[in-house]
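Me: Could you walk me through how some of the helices pack here, and then how the chains meet?

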Amino acid sequence: MQVAITVNGVVQERDVDPRTLLVHFLREELDLTGTKIGCDTSQCGACTVHLDGKVLKSCTLLAVQADGADVTTIEGLAENGEHHPMQTSFWENHGLQCGYCTPGMIMASAAFVRDNPGASEGEIRHYLEGNICRCTGYHNIVKAVKQVADAAAGS
Amino acid sequence: MSTRIFGSGIKRREDPRLITGEARYTDDIKLPGVLHMAVVRSPYAHANIVSIDSSAAEAMDGVVAVYTSEDIGDGLAGLPTAWLIPDSDLKTPEHPALAKGKARYVGDGVAIVLADDRYRAQDAADAVVVDYEELPAVIDPEEAAGEGAPLVHDDVEGNIAFRWVMGDREASDAVFDAADVVVSERILQQRLLPTAMEPRSAMAQYNPATQELTLWCTSQNPHIHRFIISAVTGLNENKVRVIAPEVGGGFGSKIPCYPDEALVSWASIKLGVPVKWTETRSENYLITIHGRDHVQHVEMAAGNDGTLLGVRATVYAGMGGYLSTAAPGIPTILHGLLYVGPYTMGSVFCESIGVMTNGTPTDAYRGAGRPEATFLLERMVDNVAREIGMDPVEVRRKNLIPAFEDGYEVATTLIYDSGDYPAAFEKALDMAGYGDFRRQQKSAETQGRYLGIGVTAYTEMCGLGPSQVAGAVGFQGGLWESATVRVTPTGKVQALIGASPHGQGSETTLAQIIAEELGFPVDDIEVIHGDTTETPMGWGTYGSRTTPVTGAALAQASRKLKEKARVLAAHLMEANVDDIEYADGSFSVKGSPDQAQSIQDVALMAHLAWNMPEGMDPGFEESQFYDPPNFVYPFGTHIAIVEVDAETGVIDLQRYIAVDDCGPQINPEIVAGQIHGGVVQGAAQALCEGAIYSDDGQLLTGSMMDYCMPKADMFPNFELGETVTPSPHHPVGVKGVGETGTIASTPTVYNAVLDALAPLGVTQIDMPLTSAKVWSAIQDANGGGS
């Protein structure tokens, strides 16, 4: 099937097998391998992207369902060569170790803080239930997200 | 003076590629013409393979070939077990890459399909028709060792793969017979699923013209993978290149060499095209090693005054369907030798029985044997305290080994390097406010609220380790590391290491060591790892060994360079070598500070070699092989405070205090991260994680929907403290810290919950402490649900 999906600002037209998951479309067709696959049951959140501004686990959607949509992946999060504040905060706060969950974590957290500036630690921990990290024990991830949330509330 | 780089929590050098999605993990690497491999896996835990019909699969679009064990023939040797523990009557049953005639666990590979697309490969795998004759299966290791259990391997009598004994049984009996108090418990160390977030993946590319094989794979130890892939394929080792690109966590599960890595290699050799395989998470749960799986019968002897006299245990350790790469060493060497812990206890005895079952093979999982030892020890100390009516903190305090700086031999024959256990212990108790907590706990109880505290004192053996010891305990490799510090003419550093970090931040920590030794800015130092052709030999990243062992090699290589630089600088400045002073990357002549040569100047002059001292070779590069003289022994005290809702059985982990001593901390932020992550992994064993099999050997926790991974909202912010006791035998005094959190936290959280439940009469619950189990235990203690 023919699809036209805007990914990181560029319209991508492709003929895809109708069963192709969006995450495989991104990774295999477009070589945007920053979006990861960590489970096959939509628990882990490693494949999180933004679809029309909303947070989405890209393993839960077929590429054909995203036809006409606007998708942002981790590769498209930085603007004008500057890291997104959430990327900077993860780096500054040691919010990552092996880095595999990180793109999904950052995508999920960036959207969460945009919609919930000033979120509390408890709200952040609750929200992050959809993203699993095996390395950090979440401590520094929560710290990183909180720092951006606090800054967003202050601005 | 500039701020010292050693001891500074600088940002990680690996992060820019990780936070932008630019890092390339194995599955992210694309090769033109690659075929995708899918594996037909046994749906039965134990079954004879009667016939395999691949005709329908072979006829499908995009399918290039289907192969079975018969097709492979002697093209691949069986996968070796590489830890041959001595004096244990060890049996190492054959482990073919694809099952020959019989499948021994759910997920055991039966055939492989190669197709031009991963979806089509999986479709075709589903179309391979295998006729199985199901056999009775056994999962519980104690049951598998019993009379009449189904036999997993015909040549492993009674399913007993090994029987390893530590200590003198009669001497132990004498201690126990004479003791005032003996407590006992049957402890279940449930199976755990390591769950590195990156599933395993392997891609092989064989070049028929050069007869060279390149294997990209998710490995913690590419040099060990090269060794084994060379052995099983028959290719010369110098024709095999193994690359571990970015690797997304391992926790031990990426140490072993698995069938899949051998199969992509074989298929690429056979077909002359690249072959790739990436597991799904469900596949990962079935085939990537599991951890723990012990049934332990434990006893501890003590005096009425709380003096700990001895511990002894019979351990049934489930090995699964085959003996994985390092499996026999885990419930033996890495387990029994930890039975003394941080205590003065004089008697230890362990009989560890490795049992073949129809479960997924087990092997090293973060802590590997040491968490299982620390748990039983700390659980039994609490049991002793309860039995004699003494505060568990008092019992520990009374038995802690006093501070020592250079060697303390314990009953297991280990010589601990250094420790000040009482200091870490008291610091943790202070941070927790132990006395106040006990008062709060009493007052809460009067309101029907159940608070509990768990306190664990631990030490552990890591920084594996002296190669002579490795040989003596049957490890089929060395445990040294090597490193090269290479300085370019423009004064930039490439540090090549044989170890293979995969999330630990070693590119930063190790760069800090070099920066400290030689004065190069840390941003000018690249640590290069994970490629057997680019890097010198090394045994890998596991056992909390990269900072202690590779770090030592780098420190020593740096010191060689510094010495060369000193002599060259003296020569260039026409001064006496003894008059050269070094500070912050600059060599100057004593008394004339204007005359100086920076390390970069010296590096350039060494490369140019226009004016070298007599006998000095050109170039600015040094290598070091480092074989540690002893293990390192980090230690500390962890404390958990919980509240249990007696109506629902729900546990609220309210506070977690960790005081750890890993010697001087090179990067305290990275150390803290290791502890945070380790604590959550260990606490999750106590609280929620556990692989569950049905009686017929089906893995019921086969995906993240059923296997409880710890999530952010289960934990508080952690309260960390430290003490600093350098290792006396290490060039920079550091000890490993990768596993301490996992080792200490399971008993800490478990004992806290059982402390909370004590007033309700609950004394034991098998892990994990799910709310359902806690609730049932409360009901049972109250006489069946009043």
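Reply: Before the first helix pair, a word on terms: an axis is a line fitted to C-alpha atoms, for helices over the stretch in contact, and angles run from 0 to 180 degrees between N-to-C directions. Keep in mind also that this is a predicted model.

Me: OK, at what angle do H7 and H8 of chain B pack?

Reply: Helix H7 (residues 222-233) of chain B packs against helix H8 (residues 259-271) of chain B at an angle of about 55 degrees, and their axes are 10 Å apart. H7(B) and H8(B) are therefore oblique to each other, and H7(B) passes H8(B) in a right-handed crossing.

Me: Which residues make that contact?

Reply: H7(B) contributes B:His225, B:Ile229, B:Val232 and B:Thr233, while H8(B) contributes B:Glu261, B:Ala262, B:Ser265, B:Trp266 and B:Ile269. Sorted by class, the contact of H7(B) with H8(B) has five nonpolar, three polar and one charged residues.

Me: And H16 with H17 in chain B, how do their axes cross?

Reply: The axes of helix H16 (residues 506-518) of chain B and helix H17 (residues 546-572) of chain B cross at roughly 30 degrees and come within 9 Å. Because angles under 35 degrees count as roughly parallel, H16(B) and H17(B) are therefore described as roughly parallel to each other. The crossing of H16(B) and H17(B) is right-handed.

Me: What's in that contact?

Reply: Among the residues that make it are B:Leu510, B:Ile513 and B:Ile514 of H16(B), together with B:Gly551, B:Leu554 and B:Ala555 of H17(B). By class, the contact of H16(B) with H17(B) has seven nonpolar, seven polar and three charged residues.

Me: Switching to the core, which residues touch the most other members?

Reply: In the largest nonpolar core, which has 303 residues, those touching the most other members are B:Met37, B:Ile112, B:Val113, B:Ala495, B:Ile514, B:Leu554 and B:Val753. B:Ile514 and B:Leu554 also belong to the contact between H16(B) and H17(B).

Me: What is B:Val753 in contact with?

Reply: Leaving aside its neighbours within four places in sequence, B:Val753 is in contact with B:Gly452, B:Val642, B:Val644, B:Ile651 and B:Leu769.

Me: Last topic, then: how many residues of chain B are in contact with chain A?

Reply: In chain B, 44 residues are in contact with 46 residues of chain A. Helix H1 (15-19), helix H9 (281-287) and helix H19 (668-687) of chain B each supply at least two residues of the side of chain B that touches chain A, and the largest share of that side, seven residues, comes from H19(B).

Me: What does that side look like by class?

Reply: The side of chain B that touches chain A has 16 nonpolar, 15 polar and 13 charged residues.

Conventions: Residues numbered from 1 in each chain as written. Chains lettered and ligands numbered in written order. Predicted model: local features only at pLDDT ≥ 70, side-chain atom pairs only at ≥ 80, totals over all residues. Helix = DSSP H or I, 4+ residues; strand = E, 2+ residues; numbered from the N terminus. Parallel < 35°, antiparallel > 145°, perpendicular 65-115°, else oblique. Left-handed = near helix turned anticlockwise from the far one by under 90°. Contact = placed C-beta atoms within 7 Å. Nonpolar A, V, L, I, M, F, W, Y, C, P; charged D, E, K, R; others polar. Core = buried A, V, L, I, M, F, W, Y, C linked by C-beta atoms within 7 Å. Buried ≥ 20, exposed ≤ 12 C-beta atoms within 10 Å, placed from the backbone.
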